[in-house]
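Open the model in your viewer and keep the selection panel at hand. The tour goes stop by stop, from one residue pair to whole chains.

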Amino acid sequence: MSEDDSRGTPYAPHTAATTAAMLDAVGVDSEAALFDIPESVAFDADFDIPERSERETRSHVEEILGRNDDLTAFLGRGHYDHYVPSVVDDLAGRSEFLTSYTQYQPEIAQGFLQALFEYQSMLVELTGLGVANCSMYDAATALGEAATLSQRLRSVSGDRVLVPDLLRAGKRAVLDNYAGGPGLTVETYPTADGNVDLDALRGALDDDVAMVYAENPTVRGTIEEGLAAVGDAADAHDALFCLGTDPVAMALLEPPASVGADVVVGDASSLGTGTAYGFGLGLFVTREAYLRQVPGRLVGAAEDDSGRRAYTLTLQTREQHIRRERATSNICTNQAWVALRAAMHAAWLGPDGLVDLAESCVTRARDLAARIDEISGVRAPVHDRHHFREFVAHTDQPAEAIRADLAEEGYAVHAVGDHEIQICATETTERAVDGFVDALAEVAR
Amino acid sequence: MNYAQARWTDDDDRYEPLLSEKSSETVSTEDGPLPDDLTRDSLTLPDVSEPELARHYTRLSQTNYGVESGPFPLGSCTMKYNPSFTEDLAASPDAAVHPDQPTETTQGTLELLYRLQDYLGRIGGMDAVSLQPPAGAAGEFAGILVAKAYHEHNGEDRSEVLIPESAHGTNFASAAMAGYDVVSLAGDDDGRVDLDALEAAVGEETAALMLTNPNTLGLFERDIEAIAAIVHDAGGLLYYDGANLNALLGRARPGDMGFDVMHYNVHKTFATPHGGGGPGAGPIGVTDDLAPFLPAPRVAESRGGYEYVDPDRSIGKVHGFYGNWPVLLKAYAYIARLGDAGLADASAKAVLNANYLAEQIDYEIPFGPFHHEFVASAGEQDAADVAKRMLDYGVHPPTTKWPEIVPEALMTEPTEAESRRTLDQLAAAFDAVAGESDETLASAPESTAARRIDQVRAAREPRLSWQSLDE
């Protein structure tokens, strides 16, 4: 399409005649006359971005995306590919949900508010803690918010945050930025065979620690075995115990409240979204005692003038649009629609389906590790632990070479050490697993 | 316009029941693949069939109002139409890649991100762009951290960020999160930055001035070059809040006005759906001087392809992976669809619509000339009540009671998506409400799924989960 043919944006309804009439009503003779921009800063060049028809745009974008290789991914480490039922796309895609915004007028936004209230409630059930907000951006930013929460609590003093040495680098980098503002320093404590090294953690703890962070499952897929002791150790120094996990894992593993977690963070997009290049849903759940210091939006039950139960955003005096620089967080736009999808997916699964899915994350990882352990040149799992979804395998060949060779064969795994690859098994088909095992046997020799 | 939102009434004390009230089940997790001491005992969650699930959420959707339901002139939020085709592209199987997949196998994703970096740079007049911040406020936080890193690299320890009184609340909160003291600047009588107040406030502690242009009143800061000179002469940086960029596409660029760092709200300007509160995306653009401090990594061209590169003195990360990828993809598709002419026309029509609507309504608009939005005053009426009553006319009301410089503010941004006919209906709603009594307003809304909600009591007695309803 050449510019001379341009009719402007296809998403404005104006015809030339209505535009002229509207300009006339305003009392100006051109659109340009509506802009009060000094000549010296006006832009009179082009961006040089061509205009395209919808069909051309689709072809253009599809052509670009088509340059992604179609690999069968055995990848996890914080971003998981669980099957998302069609009904989630269908319902979440309804424009009343998708094209709405923050529920500043609750009377006309009951649907989304109720869905978020239900999302919060499911997280309360899964964690055993009293207050879930209706989303942060992702697991990393939720962890950052947990650290700043610890600084706002009168019951907590100190300015050190302890995290496991195996923390994913990207998560650590985000935490460092959130911690920097209030002057927190982030330090690591050692892990032993994948899990928290409790003695080492106890050694690192003192009254200057504001928060201890652990994950279950860990980034290497191991399942923690003594989290209650971690909670006790943090408690002994009046430090918050922040636990990183996700809703699928929580359906099976010890509830965070029962191991003494004060804050639960993680990525809940493992439900409802599937693989989306790290696109996340930060879950944030904490004790009712910390309610006034919670970051982000909260939906509460209320009554309307007819005496019926309704829902509204509540406790907004914590938030930036009211409290400004004294707000609990700067977050405004969040991941509400991703939370809607997660709630839909959880409701679709039901308790049976969610527990089944969680159990399959244990058995699939266990079974795949056992099969891979049979391969010459590979030992799996590296850690003598129970695993959830994923595990690390030792390879005699350099891990980077294995990773690259597998990519050639159409399979993706993580290289996480010189001779360590990490493999994640979610609802991958039998056939894909068979093909992968054969390919690994081929390249690992 | 007559309007009645769907209303499902289950009995005298509730509307559509909660999922947990429809059906709930407790399942045991014993005898599973893990030792019992590592697992929970049981799990209780709603247990509904797919048909029941579909009906539940369909009914909920009917009690929700989006851009496709009707006019949505929520000031400062740019609730424009979200093109359907971008949803299809975001759902493409080729877009469903894992973030840890090696870059040699994700060249399509990297190319699209690279092209978006480039387009955003051209649109904002910025030299380098990071797509990582997952929302506007995250962009502010990242941008202020970039400014901080820049000053620290130059051996300067500056402690203050200046922000006009009428700015978005996120500006204050983002600066504070980055560890800065916030200095609030009073505006002048015309609703713009007061140069004398700015002169008095800047100094060797000034790290940055955060500014929205056009500002929250819709006014262009005509003295922007003088403002930039004052801030720069004091050694500070100028930060552009991109919330109102939909006013300026193709007419003016932050980079040309002297801004050093900016964020883009792609869910506003570039038409990605707001999703009931999110997701958005808040890429940031900077000048060459600040590029070394951008979040890591950025996409760069390499021999015959694309790769990730960490800027030399990067602030690190503000998202665990690469930001809100599906949102960025939709934004790219929108920009690629519209091109130069479409983008400029979007702003032209957004500004035309705001001005046309303002002409038609009875409420006073104290400040002008405005661009894509205006702030009317409800005068003797309570703006919050005006908003509730507008719901009865089938329109989403403006943002209310902010900015505070206008008494009983009605901050109105119709966007380019509304037709003249719809704007006339919107104006009729404003004018009808303007003529109504306080009693009528106080008892509104009548036609929405729920009647007026007692928000005070909701905050005083927080019940934040279905578990808390029985307490």
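Which residue in β17(A) does Gly417(A) stand opposite? Select Gly417(A): opposite stands Glu420(A).

Before moving on, note that this is a predicted model, in which local features need pLDDT of at least 70, side-chain atom pairs count only at pLDDT 80 or more, and totals for chains, interfaces and linings use all residues. Residues are numbered from 1 along each chain as its sequence is written, while chains are lettered from A and ligands numbered from 1 in the order in which they are written.

**Stop 1: the sheet in chain A**

Strands here are DSSP runs of E, at least two residues long, and helices are runs of H or I, at least four, both numbered from the N terminus. Two strands pair if DSSP finds at least two bridges between them. Now show the whole open sheet: 4 strands in the order β13-β14-β17-β16 (chain A), with antiparallel pairing. β13 (378-379) and β16 (414-417) of chain A are the edges; each has a single partner strand, so one side of each is left without a neighbour in the sheet.

**Stop 2: two domains of chain A**

Color domain 1 (72-82 + 349-444) and domain 2 (86-343) of chain A. The bounds come from an automatic or database domain assignment. Taken over C-alpha atoms, the centres of the two domains are separated by 28 Å. Their contact takes 24 residues from domain 1 of chain A and 21 residues from domain 2 of chain A. A contact means C-beta atoms, placed from the backbone, within 7 Å. On the domain 1 side, α12 (336-373) and β14 (390-395) of chain A each supply at least two residues. The largest share of that side, 7 residues, is from α12(A).

**Stop 3: where chain A meets chain B**

Show both chains. Here 156 residues of chain A are in contact with 167 residues of chain B. Select α12(A) again: this helix gives the most to the chain A side, with 17 residues.

**Stop 4: the nonpolar core**

Select Val146(B), Tyr239(B) and Leu328(B). Of the 312 residues in the largest nonpolar core, these touch the most other members. Such a core is a set of buried Ala, Val, Leu, Ile, Met, Phe, Trp, Tyr and Cys residues joined through C-beta atoms within 7 Å. Buried means 20 or more other C-beta atoms within 10 Å of a residue's own, exposed 12 or fewer, and partly exposed in between, with C-beta atoms placed from the backbone. Helix α11 (residues 325-360) of chain B provides the largest share of this core, 23 residues. Domain 1 and domain 2 of chain A both give residues to this core, so it lies between them. Zoom in on Leu328(B). Beyond its neighbours within four places in sequence, its contacts include Leu113(B), Val266(B) and Gly323(B).

**Stop 5: a covered strand in chain B**

Go to strand β14 (residues 409-412) of chain B. Ala409(B) and Met411(B) on one side and Leu410(B) and Thr412(B) on the other are all buried. Strand β12 (residues 374-377) of chain B runs antiparallel to β14(B), with 4 bridges; Phe374(B) stands opposite Thr412(B). Strand β13 (residues 399-400) of chain B is also antiparallel to β14(B), with 2 bridges; Thr399(B) stands opposite Met411(B).

**Last stop: all of chain B**

Zoom out. Chain B has 15 helices and 14 strands. Of its 471 residues, 63% count as buried.

Definitions and conventions. Two residues are in contact if their C-beta atoms, placed from the backbone, lie within 7 Å.
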